[in-house]
Each structure stands twice: as C-alpha cells, then as structure tokens.
Amino acid sequence: MADNNEEFMFEDISSSTTPKSKNSLKAVTENYGNGVFKNLDKIIKAISFIVAIGILLIFAAVAVVLVMLDKIFAVVSVAVFIVGIILALISLFLIYAIGHLISQNNEIIKHL
C-alpha cells in the first residue's frame, strides 16, 4: 500500500506572501466606475420619480372612477387619492435613497 500522507496534502492557495499593489486596486476601482454601472445612480433616481408619478396617476384614476360611479364616493375617492400620495412619496424616498447611496459609494470609491 502506498504512503497515504502524500494523497491528503493540502496547499493553502488563498493566502499569499506578496501584498497587493496599489495599482491593481486602483485599476479595479476604475473598472468599476467606468463599466456599465457608471450612471446607475442617476438611472435609479430617475426611475424613482417615474414610479412615484405612476403610482400617483393610478390612484388618481381610481379616485376619478369612484366619483364618476356615484357622488356618494367623493369622500372615499379623496381618501384613496391621499393614500396614493402617501404611497407615491414612500416609494419615491425609498428608491431615491438607493440611488443616493450608490452615488455616495461612487464618490467614496473615487476618493480611494
């Protein structure tokens, strides 16, 4: 039977003795900034406004349909429109915040 110690030898390839150079780190950050995602923060911010306006228009249309069905639903339609405004603002702030975080992250990467 062969020597079993040779079969179960492991080599740690994840650690290296040479430190990574600053040039390689800079190249990685420049590739990140110059890639497909260069304007992602602006795109997400624009999408936040589009989604908020869409939500607001949908709730406004539902409110108008309620008033057109019967004038008794006028109070309900106002409530539906107010709920639409609140949901539109919440979605606007949440999606816009993600775009703003990406924008700040890009600024941090540029300063590195």
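At roughly what angle do the axes of helix 2 and helix 3 cross, and within what distance do they come? I read off a crossing of roughly 175 degrees, with the two axes coming within 8 Å. I keep in mind that this is a predicted model.

**Entry: the helix pair.** Two packed helices are described by the angle between their axes and the distance between the axes. Angles over 145 degrees count as roughly antiparallel, so helix 2 and helix 3 are roughly antiparallel to each other. I then sorted the residues of the contact between helix 2 and helix 3 by class, and found 26 nonpolar, eight polar and two charged.

**Entry: the whole chain.** I stepped back to see where that pair sits. The chain has three helices and zero strands, and along the sequence I noted the pattern α-α-α. I looked up burial next: 15% of the 112 residues count as buried. The accessible surface is about 9,300 Å², and carbon and sulfur atoms hold 71% of that area. For contacts with a separation of 6 or more, I found that 76% join residues 24 or more positions apart.

**Entry: aromatic rings.** How many aromatic pairs does the structure hold? I found one. F49 and Y96 make up this aromatic pair, with 5.9 Å centre to centre and 75 degrees between the planes. Plane angles over 60 degrees count as edge-to-face, and the pair of F49 and Y96 is therefore put in that class. I also checked where the partners sit: F49 is in helix 2 (residues 40–69) and Y96 in helix 3 (residues 74–111). They are 47 residues apart, and the pair links distant parts of the chain.

Entry: Are F49 and Y96 buried, partly exposed or exposed? F49 has 43% relative accessibility, so I filed F49 as partly exposed. Y96 has a relative accessible area of 30%, so Y96 is partly exposed too.

**Entry: around Y96.** Which residues does Y96 touch, leaving aside its neighbours within four places in sequence? I listed K45, S48 and F49. I followed up on S48: the C-alpha atoms of Y96 and S48 are 5.5 Å apart in space, while the two residues are 48 residues apart in sequence.

Conventions: Residues are numbered from 1 along each chain as its sequence is written. This is a predicted model: local features need pLDDT of at least 70, side-chain atom pairs count only at pLDDT 80 or more; totals for chains, interfaces and linings use all residues. Side-chain values use heavy atoms; hydrogens and water are left out. Rings of Phe, Tyr and Trp (its six-membered ring) pair if their centres lie within 6.5 Å; planes under 30 degrees apart count as stacked, over 60 as edge-to-face and the rest as tilted. Helices (H or I, at least four residues) and strands (E, at least two) are DSSP runs, numbered from the N terminus. Buried means under 20% relative accessible area, exposed over 50%, partly exposed in between (1.4 Å probe, protein chains only). Contact means heavy atoms within 4.5 Å. Accessible areas come from the Shrake-Rupley method with a 1.4 Å probe; for residues, only the protein chains shown count as cover. Axes are lines fitted to C-alpha atoms, for helices over the stretch in contact, and angles run from 0 to 180 degrees between N-to-C directions. Angles under 35 degrees count as roughly parallel, over 145 as roughly antiparallel, 65 to 115 as roughly perpendicular and the rest as oblique. Ala, Val, Leu, Ile, Met, Phe, Trp, Tyr, Cys and Pro count as nonpolar, Asp, Glu, Lys and Arg as charged, and the others, Gly among them, as polar.
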